[in-house]
2 protein chains.
Amino acid sequence: MLAFDRSEYDTRLERTKTSMQAHGIEVLLCHDTANMNYLTGYDGWSFYTPQCVVVALDLDEPLWIGRGIDGNGARVTTYLKEENIYPYGDDFVQTPLKHPMNFAADVLKARGLDRGTVGLEMDSYYFSPAGYEALKGDLPNSTFINAEALVNWVRCIKSPAELELMQQAATILEKVMAVAFEQVTPGNRQCDAAAAIYQAGISGTPEYGGDYTAIVPMLPTGAGTATPHLTWSDEVFKKGEATILELAGCRKRYHCPQARTVFIGKPPKKLANAASWVVEGIEAAFDFIKPGVTAEEVERVWRDTIAKHGLIKESRCGYSTGLNYPPDWGEHTISLRPGDTTVLQPNMTIHFMPGIWMDDWGIEISECFRVTETGCEPLANTPRELILKD
Amino acid sequence: MLAFDRSEYDTRLERTKTSMQAHGIEVLLCHDTANMNYLTGYDGWSFYTPQCVVVALDLDEPLWIGRGIDGNGARVTTYLKEENIYPYGDDFVQTPLKHPMNFAADVLKARGLDRGTVGLEMDSYYFSPAGYEALKGDLPNSTFINAEALVNWVRCIKSPAELELMQQAATILEKVMAVAFEQVTPGNRQCDAAAAIYQAGISGTPEYGGDYTAIVPMLPTGAGTATPHLTWSDEVFKKGEATILELAGCRKRYHCPQARTVFIGKPPKKLANAASWVVEGIEAAFDFIKPGVTAEEVERVWRDTIAKHGLIKESRCGYSTGLNYPPDWGEHTISLRPGDTTVLQPNMTIHFMPGIWMDDWGIEISECFRVTETGCEPLANTPRELILKD
């Protein structure tokens, strides 16, 4: 069931170990669900109980540690040998009496990995303070350091096989967006639009089925467009209102996200103007992007372009994306914003996401792009404009 | 946009404060997304950046702390006064330079809440060790204690208004299950079945639309039934194979989960037998359940009933459920398992989930039930049996 050739996982592990050595880390605990998948292939909706993958400089293979009933999932979805799969008993699940990280500490001891420098993903979603305290308490001879985003940074540059999955996700996204444009129509309930969006995205295409996206479809409407993360309601779409669609296609956990804004009727001048300025800003940034420029330089080009029209956006205008699990399809590495001096390189994939949210209205038009050898190219092909409906 | 009358939130806050006093907690930080919603109404897919709700014995209202671009979401979805909404700048987002919990610490200082005993949800999904370290570092005069699941326990007993939403979720679930039974048919791709399941669940009914579920549809098939948390693939359903459906209906974040197992063709004897024994175990447990019995006693009745047939299940056979967000619809309080001495009370809602997972096969037939004044009743009405298809 591996999504990639075994050699691809070997390369990922080698790069991770190289980075570990550079950071003085002998043992790395990955709680990040995407990192667990990236390193071993592990895939399952089991991250609601603590689990992790351990990479040690001294071991050929990572170790998988997770709940007992998910051990078979590790056997089915990873390349790991049986001896490297460590399922814990159900008496560790959701109880104040003991923590799965107590079990993980015992695994480290059993494998002789309890004496060196241990890297932890200190800001990972599914690594809790209770788990952290359990590790610290049980491993007095280890030195813990924050290895935050170490594997995430390895994930930044995509392989050809990863790009192929993202391109398939883009094809799914194009279908999803077309359905969404149809669905935003007066009298249709938001929940019915969301249902059709899900249907299109999960079904995918006849060649390749869709996967669940790391963020649910967002479709804030009317005054809701001033806030980006509201989900749908039972209300119907109305003439004279805007709807922001922030959606993605997903293929084998790889995402292609995109946002568009739909207006039913004749749009107010401020919205039509903002749309054309945002598109102008995206295109200026895309003309500028090529290997060697920095993340903050890209943001500056965007910022300067829209500033000519008096438009200001405070939040970052993009982030790295690709493989992920809920609650985020962002990779938590590159952010297009002042102070991020990451140098862009070929096959980085970034969601250029210049959302504008004012007090009582907002607009989003975004593109997921790949850095090429000489510039950049969007992954999906959707009309880049304010979408108008009757 | 509140899902409940304001008085319901007042009652919740009062009960939470009573429990805080009993635990010696003056200030409580809730990172749990469901707890944030429960206490304030806050609803949005914004939990991928750190956020929390603060309850202080000395304050009339909770405080909301979250990302700047989600401040409008808090204004729209909660009853909180403007002065109690604290949005942080985007320079706090996903950067090693500073953490949103540094901002939260400043809020506590500004409100004079930095000198007492602070309760933290130490095992909450979206509270990270980095956030914990930031709070500890910035609040040297606070004493931190683990308030794990304090609000979750308040959530255990549902109000009439909450039960109404769960009953609506049950109606949506019945529709979802009927669609799922249709979809598990030879030659249909798993992804197309998942797409139809989503469509049915999100669209809901003409009276009330559906919401996204905290766990995606699970439909492990064939040998995959030995592992409960695999999601779908592009493979087609085949004659002679079982498929486990673990699904839910969701209404305004309230869930009614349920599992059924479908077999295409004539089922092997071991599966047909296991199905009837599991149903027998559920029915024995349901006959036994009433206010006053304990969680572990319920599990014992189940265990003894199936043991007569030589069937053994090691993992817990149920848990409290209701309001929730990804990645789990469980409430992390009551578990039906040995050692859990929680006394069942009227209007607790529990997913009785006696999944059996063997080496190369498995079966799930489950029910979400409510404890009544005199016994219990399942929320949904779906045939409780092994579902057979041609």
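Across the interface of chain B and chain A, 53 residue pairs are in polar contact, both partners at pLDDT 80 or more. The model is predicted. Three elements of chain B each give two or more residues to the side that touches chain A: α3 (71–77), α5 (129–138) and α8 (190–203). Of these, α8(B) gives the most, with eight residues. By class, this side of chain B has 33 nonpolar, 21 polar and 18 charged residues.

The contact draws 72 residues from chain B and 72 residues from chain A. The area buried between the two chains is about 5,800 Å². Carbon and sulfur atoms give 55% of that area. Two salt bridges are found across the interface. A:R251 forms a salt bridge with B:D234, and the closest N and O atoms are 2.8 Å apart.

The two chains were then superposed. A rotation of 180°, with 0.0 Å of shift along its axis, places chain B on chain A at an RMSD of 0.0 Å. The two copies are therefore related as by a two-fold rotation axis. The same surface serves both copies, and 100% of the contact residues of chain B recur in chain A.

Over all chains, the structure holds 38 salt bridges. One of them joins A:R12 to A:E162, with the closest N and O atoms 3.7 Å apart. This pair links distant parts of the chain, 150 residues apart. A:R12 lies in helix α1 (residues 6–22) of chain A, and A:E162 lies in helix α7 (residues 160–183) of chain A. A:R12 is buried, at a relative accessible area of 3%. A:E162 is buried as well, at 2%.

The pair of A:K98 and A:D91 has another setting. Their side chains meet in a salt bridge of 2.7 Å, N to O. A:K98 is partly exposed, with a relative accessible area of 30%. A:D91 also counts as partly exposed, at 43%.

In chain B, B:E331 forms a salt bridge with B:K158, at 2.9 Å between the closest N and O atoms. The two residues are 173 residues apart. B:E331 is in strand β10 (residues 330–335) of chain B, while B:K158 is in the loop between α6 (150–155) and α7 (160–183). B:E331 is buried at 1% relative accessibility, and B:K158 is buried at 2%. In chain A, salt bridges link A:D32, A:R155, A:K158 and A:E331 in a network.

Strand β10 (residues 330–335) of chain A also holds A:T333. A:T333 is buried, with a relative accessible area of 6%. Beyond residues up to four places away in sequence, A:T333 touches A:N152, A:W153, A:C156, A:S320 and A:D340.

Technical notes: Residues are numbered from 1 along each chain as its sequence is written. Chains are lettered from A and ligands numbered from 1 in the order in which they are written. This is a predicted model: local features need pLDDT of at least 70, side-chain atom pairs count only at pLDDT 80 or more; totals for chains, interfaces and linings use all residues. Side-chain values use heavy atoms; hydrogens and water are left out. Contact means heavy atoms within 4.5 Å. Buried area is the accessible area (1.4 Å probe) that two parts lose on being put together, summed over both. A salt bridge is a side-chain nitrogen of Lys or Arg within 4 Å of a carboxyl oxygen of Asp or Glu. A polar contact is a pair of N or O atoms within 3.5 Å; within protein, one must be able to donate a hydrogen and the other to accept it, and residues adjacent in sequence count only if both atoms are side-chain atoms. Helices (H or I, at least four residues) and strands (E, at least two) are DSSP runs, numbered from the N terminus. Ala, Val, Leu, Ile, Met, Phe, Trp, Tyr, Cys and Pro count as nonpolar, Asp, Glu, Lys and Arg as charged, and the others, Gly among them, as polar. Copies are superposed by least squares on the C-alpha atoms of residues with pLDDT of at least 70 in both. Buried means under 20% relative accessible area, exposed over 50%, partly exposed in between (1.4 Å probe, protein chains only).
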